[in-house]
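Student: I am new to this structure and would like to learn how to read its features one at a time. Could you take me through them slowly?

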Amino acid sequence: MSKRTSSVASKITAPVILPAPLPVQTTRLKRKQFASTGDVHVQGDALITTQLIVGGDCLIDGDLEAEEVFCLGKLTVTGDIRVQSLYVGHTLDAGGNIEVEYLLKTGCSADWMARMLELDQRKPVAGESNFIHQLVHPAILARHDHHDAFGGYGDIQALGYLTCADLDCHGNVQLDDVLEAGEIQFIGGHLSAAGIHVAGDCNCQGELFSETDVQVEGSLFAAVVICQGNLEVDSLCSQGDISTWGSLRATGEISSLRGEIHCGRWIATKATIYAAKYIKSGESVIGEKGISCGSDYGILAGTTLPRSRWATHGMVSASSKPRLLLSGQFVEGKKLRHIDALEKKRDTELDWEVQRRLKREMQPD
């Protein structure tokens, strides 16, 4: 029995672990197309006419221009990025601006990326048992599978601005400048930027933070919203607190499912306003279809105004007088357009509004 076992064991060979390929290193990369199954280091600009495909990590000490970029590992660019489509497996780190014409996606798996490149439809390569090996070397793939690169999975970081049509990020997004997007399909972590403008919907699983204004022309969902400017959305739903230094304007529903709503100026919507805890505003609160808060909390309006101005600037208006009104004066029949009219007559501006007004006045008609 032991002899048979030993003979079977002798036939079993240990798996052969191939060494990782040496990184591709060049001073400047100017090609029609470039592909590598390992790591790539470009000590200069990378100018690719069509596709840049990297199975490992990619470091570019300069600018990156291409039509499509597929990087399964970390993509680090010390300069600007200008591409049509960008797909990254791990972290995207840019020392300048990021301009993506169509889709920017991080957290891409090797299988998803290989099928996007239609490698499974090509003829098998000799010595390779899997079509994914045409994208990434087995040693690099094993390194990714074991998550040797801890932290930052799917993150996006840039010292400049980010513009794209669609954004799908499985990590955090941290920008030193503004974010301009057609639609934010998904952000799995937190979003932090100098300013945020989204033409469609915005779905952020973590905290959304902006140093200035936030403008979302569609629906905004986030765990927590912190805006150090004015917040304007179509509709807003947050799991936690909603906090703005300026105003909160919406045409749809505003709701904080487990937190409070706190605005330095006013809150106004054509629909309903709901908070599980307090609703606080420095001036007016208008919810044309209703205002409600937690049963053991309250609604506080006009907290930055003297009581003599509550009827005009510290008013609370809804379809019916809300319960638990702690400050402010209920005025029946006020609409969102009344707040917009008051804003046009406003004399005092907040710090970030002065800069924005001057920039607008300098633009030619």
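The dialogue below goes through strands, aromatic rings, loops and a pocket.

Student: What kind of model is this, and how are its residues numbered?

Tutor: This is a predicted model, in which local features need pLDDT of at least 70 and side-chain atom pairs count only at pLDDT 80 or more, while totals for chains, interfaces and linings use all residues. Residues are numbered from 1 along each chain as its sequence is written, and side-chain values use heavy atoms, with hydrogens and water left out.

Student: How should I read the strands, and which strands pair with E21?

Tutor: Helices (H or I, at least four residues) and strands (E, at least two) are DSSP runs numbered from the N terminus, and two strands pair if DSSP finds at least two bridges between them. Here strand E19 (residues 196–198) pairs with strand E21 (residues 214–227) in the parallel sense over three bridges, and Val198 has Val216 in E21 as its bridge partner. Strand E20 (residues 202–210) also pairs with E21 in the parallel sense, over seven bridges, with Val224 in E21 as the bridge partner of Glu207. Three bridges join E21 to strand E23 (residues 242–244) in a parallel run, and Val225 stands opposite Ile242 in E23.

Student: Which way do the side chains of a strand point, and what does E33 show?

Tutor: In a regular strand the side chains alternate between the two faces of the sheet. In strand E33 (residues 315–318), Met315 and Ser317 point one way and Val316 and Ala318 the other way, and all are buried; buried means under 20% relative accessible area, exposed means over 50%, and partly exposed lies in between (1.4 Å probe, protein chains only). E33 pairs in the parallel sense with strand E30 (residues 285–287) over three bridges, where Val285 stands opposite Val316. E33 also pairs in the parallel sense with strand E35 (residues 329–330) over two bridges, and there Gln329 is the bridge partner of Met315.

Student: What sits over the ring of Trp112?

Tutor: A charge sits over a ring if NZ of Lys or CZ of Arg is within 6 Å of the ring centre and within 35 degrees of the ring normal. In this case the charged end of Lys105 sits over the ring of Trp112, 5.3 Å from its centre.

Student: Which residues other than glycine have a positive phi?

Tutor: Most residues other than glycine have a negative phi. Glu118 has a positive phi near 60° and is found in the loop between helix H2 (110–116) and helix H3 (138–145). Leu324 also has a positive phi, of about 60°, and has its place in the loop between E33 and strand E34 (325–327).

Student: What lines the second largest pocket?

Tutor: On a 1 Å grid over the protein atoms alone, a pocket is an open set of points with protein on both sides within 12 Å along at least five of seven lines, and lining residues have an atom within 4 Å of a point. Of the 14 residues that line the second largest pocket, the closest to its centre are Glu283, Arg309, His313, Leu342 and Arg346. The lining divides into four nonpolar, four polar and six charged residues, where Ala, Val, Leu, Ile, Met, Phe, Trp, Tyr, Cys and Pro count as nonpolar, Asp, Glu, Lys and Arg as charged, and the others, Gly among them, as polar. Helix H4 (310–313) and helix H5 (336–344) each supply at least two lining residues, and H5 gives the most, with three.

Definitions and conventions. On a 1 Å grid over the protein atoms alone, a cavity is a set of points where a 1.4 Å probe fits but cannot get out, and a pocket is an open set with protein on both sides within 12 Å along at least five of seven lines; lining residues have an atom within 4 Å of a point.
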